[in-house]
Amino acid sequence: MLLPRALRAPAALLTALLLPFAAACGGSARADSEHDVTLRVGATGWKVEEAVLKFAHLDDTPYKVKWSVFQGGDQQLQAVRANALDLASSSEIPPVFSAADGRPNFKVVAVQRGSTLNQEVVVPKGSKVTDIAGLKGRKVGYVKNTTAHYFLYELLKQAGLTWSDIDAKPLLPNDGLAALNGGSIDAFASYGTSVITAHQQGATTVGSGADILSGNFLWSARDSVLKNSAEKTAAADLIARITKAYAYVRDGREADFAKVVAENTHQPVAQAEQDLTAQQKQRPTQARTVDDTAVASQQKVADAFTELGALPSRLDVKSFWTTALNADLKKAL
């Protein structure tokens with residue numbers, strides 16, 4: 001488990017920290033053909049997209065892909081802003097904050113429908129808190145500017161509470177787990193592998209974002225990718241391959257892919273298979289092109305953060321969406 005770290009860094013420092021990473025990845029050179037392309041792509045928690053492509057024998061791309069792991073989509077978008085990533089995957093929330101200054105260097109280019117399971121507010125083993133209402137006056141950790149931030153806010157409203165009714169503590173997933181187990185917070189709102197690990201350590205669920213979140217996960221591409229035909233074609237192909245890979249898994253191969261998941265998430269294979277099956281049953285993982293419905297869904301989320309006071313003013317999200325990848329993605333799918 002990682003040791004606690006500073007939770008935020010000034011933009012200049014973040015850029016400085018990411019520049020060596022960008023250089024190590026070789027940058028995003030202009031490419032005359034797909035064979036000359038190297039896409040730097042983010043993953044959250046672990047390299048699940050890389051793993052599912054390999055499992056489905058769809059990793060034989062005519063372009064190179066360099067995957068990098070982050071603790072959340074918010075960090076992926078920060079890396080895009082710092083020119084350290086070309087393609088980021090996230091929930092609807094991180095692009096809102098990355099574009100809030102009015103100078104984003106990216107566009108949302110596709111939607112990946114996905115499961116909203118394992119998006120929970122958990123309390124440690126032995127806690128007397130049994131529901132969201134019981135969090136009043138307590139220290140609650142959450143992953144800032146992510147789905148966890150959003151569904152915690154909505155769950156509090158449903159319970160008749162406001163954000164100020166809790167002592168909210170922004171924490172990264174690994175730091176939040178450490179804080180939960182160490183007793184410095186009373187509950188933690190998080191997602192993915194951090195929730196899985198929390199349950200392995202005896203945590204219980206007091207609130208879920210499963211029915212609050214839309215299930216829209218967004219692919220955001222740097223503007224420079226969209227200006228290069230070979231890179232744009234490669235991005236569309238990669239997104240389509242991930243959709244095809246999950247279809248391959250759902251075609252009776254859940255048990256086999258669960259072994260890959262279990263190895264990376266450090267959970268029993270039976271539990272990994274149960275979770276994978278439930279996730280794909282709830283909402284099969286598949287890409288969709290950009291449309292007005294998807295934009296409206298993110299606008300609803302952005303408006304909630306304006307209401308919360310996390311954004312200085314209302315943000316028109318359609319300003320950082322584009323249909324530029326639609327034709328290529330339709331063809332690739």
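**Salt bridges and nonpolar cores in a predicted model**

Counted by a distance rule between side-chain nitrogens of Lys or Arg and carboxyl oxygens of Asp or Glu, the salt bridges in this structure come to 14.

Lys157 counts as partly exposed because its relative accessibility is 38%, whereas Glu154, at 15% relative accessibility, counts as buried, since the cut-off for buried is under 20%.

Lys157 also forms a salt bridge with Glu307, and here the closest N and O atoms are 3.3 Å apart. Because Lys157 lies in helix H5 while Glu307 lies in helix H12 (residues 292–308), this pair ties together parts that are 150 residues apart in sequence. Glu307 itself is exposed, with a relative accessible area of 52%.

Elsewhere, Arg253 forms a salt bridge with Asp251, with 3.6 Å between the closest N and O atoms. Arg253 counts as partly exposed at 23% relative accessibility, while Asp251, with a relative accessible area of 54%, is exposed. Salt bridges also link Arg40, Asp86 and Arg222 into a network.

The largest nonpolar core has 61 residues, and the members that touch the most others in it are Val121, Leu152 and Trp321. When neighbours within four places in sequence are left aside, Trp321 is in contact with Lys107, Val108, Val111, Leu218, Val290, Ala294, Val295 and Gln298.

What, finally, surrounds Val122, once residues up to four places away in sequence are not counted? Val122 lies in strand E5, which spans residues 119–123, and it counts as buried because its relative accessibility is 1%. Its contacts, on that basis, are Leu180, Ala187, Phe188, Ala198, His199, Ala203, Thr204 and Thr205. For a sense of the spacing in this part of the model, the C-alpha atoms of Val122 and Gly192 are separated by 12 Å, although the two residues are 70 residues apart along the chain.

Conventions:
Residues numbered from 1 in each chain as written. Predicted model: local features only at pLDDT ≥ 70, side-chain atom pairs only at ≥ 80, totals over all residues. Heavy atoms only, no water. Core = buried A, V, L, I, M, F, W, Y, C linked by side-chain atoms within 4.5 Å. Buried < 20%, exposed > 50% of the residue type's maximum accessible area, 1.4 Å probe, protein only. Contact = heavy atoms within 4.5 Å. Helix = DSSP H or I, 4+ residues; strand = E, 2+ residues; numbered from the N terminus. Salt bridge = Lys/Arg side-chain N within 4 Å of Asp/Glu carboxyl O.
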